[in-house]
Amino acid sequence: MATITRKELVNKICEETQYRYKQWEVQCVIQKAVELITEAVGRGDSVVLRRFGVFSVKETKEKIGRNPKKPENSMVIPSRRVVKFKMGNKLREALSKPSK
């Protein structure tokens with residue numbers, strides 16, 4: 001299993017589009033998409049990318065945390081907002097295929 005970096009993603013898009021777009025143009029589009037998704041999720045909005053997935057914000061509840069070695073010492077873990085990702089159909093199908 002490999003990791004694809006942003007630069008590799010840019011190169012792959014350029015190759016797949018037969019270099020109709022310059023690398024800096026693709027880089028700008030990817031950067032702007034990441035910024036817009038980050039801003040929307042930061043405001044608490046959901047971002048829906050059809051067939052890929054949905055980024056949404058979920059509020060966790062405040063809870064009591066304990067050290068298993070010293071259970072008498074408990075602390076309150078405050079509530080916080082976390083990003084939740086729900087897979088879309090296309091991504092789910094890609095993951096269900098057997099890996100090579």
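In the hairpin of β1 and β2, three residues lie between the strands, and Arg51 there has a positive phi near 70°. The model is predicted, so local features need pLDDT of at least 70 and side-chain atom pairs count only at pLDDT 80 or more, while totals for chains, interfaces and linings use all residues. Residues are numbered from 1 along each chain as its sequence is written, and side-chain values use heavy atoms, with hydrogens and water left out.

Strands (E, at least two residues) and helices (H or I, at least four) are DSSP runs, numbered from the N terminus. Two strands pair if DSSP finds at least two bridges between them. β1 pairs with strand β2 (residues 53–59) in the antiparallel sense, over three bridges. In β2, Gly53 is the bridge partner of Leu49, and Val54 is the bridge partner of Val48.

β2 and β5 run antiparallel and are joined by seven bridges.

Met87 belongs to strand β5 (residues 81–87). Met87 counts as partly exposed because its relative accessible area is 31%; buried means under 20%, exposed over 50%, and partly exposed in between (1.4 Å probe, protein chains only). Together with Leu49, Phe52, Phe85 and Leu95, Met87 forms a nonpolar patch on the surface, with about 430 Å² of accessible area in total. Patches consist of residues with over 30% relative accessible area and no salt bridge, with nonpolar side chains (Val, Leu, Ile, Met, Phe, Trp, Tyr) joined within 5 Å and like charges within 9 Å. A salt bridge is a side-chain nitrogen of Lys or Arg within 4 Å of a carboxyl oxygen of Asp or Glu. Accessible areas come from the Shrake-Rupley method with a 1.4 Å probe, and for residues only the protein chains shown count as cover.

Thr17 sits in the loop between α1 (6–16) and α2 (23–42). Thr17 is buried because its relative accessible area is 16%.
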